[in-house]
Amino acid sequence: MLTRVTGYSAPPTFKRLPRAVREQQMLDAAVRVFSRRGFHAASMDEIADDAGISKPMVYAYLGTKEELFVACLHREGTRLMEAIAEAVAPDLTPDGQLWSGLRAFFRFVGAHRDGWGVLYRQARAQQPFADNLAEMRERMVRVVGVMLAQALAAEGREIRDTDLEVMAYALVGASESLADWLADHPEADPDKTATRMMNVAWLGAAQLLRGDVWHPSGE
């Protein structure tokens, strides 16, 4: 005779997630922890707990803490570049392209402050991660340089490659510094921040497009 057992519940079952989805969950957790703790203070235990998985699974999927940090760095950098590329339509005017790129950049930072903390603050201070960040900055400089070159060509002007490169580096560097400020001010509007940067960048670029160049007195 069978006896009915009451008060018993079957053990919970967990849905097996695709590897790609699980990896993104791990990276999301790692970005939060790295941003909050810094690379050295962050632990794989805390990252695993934040992701709701076991530490061995983190190692199995993404490797050591160093490899995990590099994976976070590349993901955030790729997301940033894709956001800018999608915003800069080829049929826009030169100033429209620059504005769209800046707005996409600052919107990304505003929406991914933890990601920016990993990408800019953590990576730039430590080797070999600083090298990864430098490679991403080079990509950004090339994109900005192309936009500036197109703006000059539209005005029928030419500029030396060195001057164009310096302008691109200056714009990227200023934008990074302002993005760092934005990350510390959650109340700040990314679009207004982009407008401020546009006023600084484009008003100066507009003068260059007209051929106006400043020289020290007496030279």
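A: Start with contacts: a contact means heavy atoms within 4.5 Å. Among contacts in the protein between residues at least 6 apart in sequence, 70% join residues at least 24 apart. This is a predicted model, in which local features need pLDDT of at least 70 and side-chain atom pairs count only at pLDDT 80 or more, while totals for chains, interfaces and linings use all residues. Residues are numbered from 1 along each chain as its sequence is written, and side-chain values use heavy atoms, with hydrogens and water left out.

Q: What pLDDT does the protein average, and where is confidence lowest?
A: pLDDT is the predictor's confidence in each residue, from 0 to 100. Where pLDDT is low, the predicted coordinates should not be read in detail. Here the average is 84, and 87% of the residues score at least 70. By helix, the lowest mean is 81, in α9 (residues 190–210), and the highest is 95, in α2 (residues 44–51).

Q: Which secondary structure elements does the protein have?
A: Helices (H or I, at least four residues) and strands (E, at least two) are DSSP runs, numbered from the N terminus. The protein has nine helices and zero strands.

Q: Is E46 buried or exposed?
A: Buried means under 20% relative accessible area, exposed over 50%, and partly exposed in between, with a 1.4 Å probe and protein chains only. E46, in helix α2, has 19% relative accessibility and therefore counts as buried. Leaving aside residues up to four places away in sequence, E46 touches V33, R36 and R37. Of the 219 residues of the protein, 40% count as buried.

Q: How many cavities are found, and what lines the largest cavity?
A: Rolling a probe the size of a water molecule over the atoms shows where empty space is left. On a 1 Å grid over the protein atoms alone, a cavity is a set of points where a 1.4 Å probe fits but cannot get out; lining residues have an atom within 4 Å of a point. Grid points are joined across faces, edges and corners, and a volume is the space filled by probe spheres set on the points. The search finds two cavities of 30 Å³ or more. The largest cavity holds about 260 Å³. It is lined by 22 residues, with L80, I84, F105, M140 and V172 the closest to its centre. Helix α7 gives the most to this lining, with seven residues.

Conventions
On a 1 Å grid over the protein atoms alone, a cavity is a set of points where a 1.4 Å probe fits but cannot get out, and a pocket is an open set with protein on both sides within 12 Å along at least five of seven lines; lining residues have an atom within 4 Å of a point.
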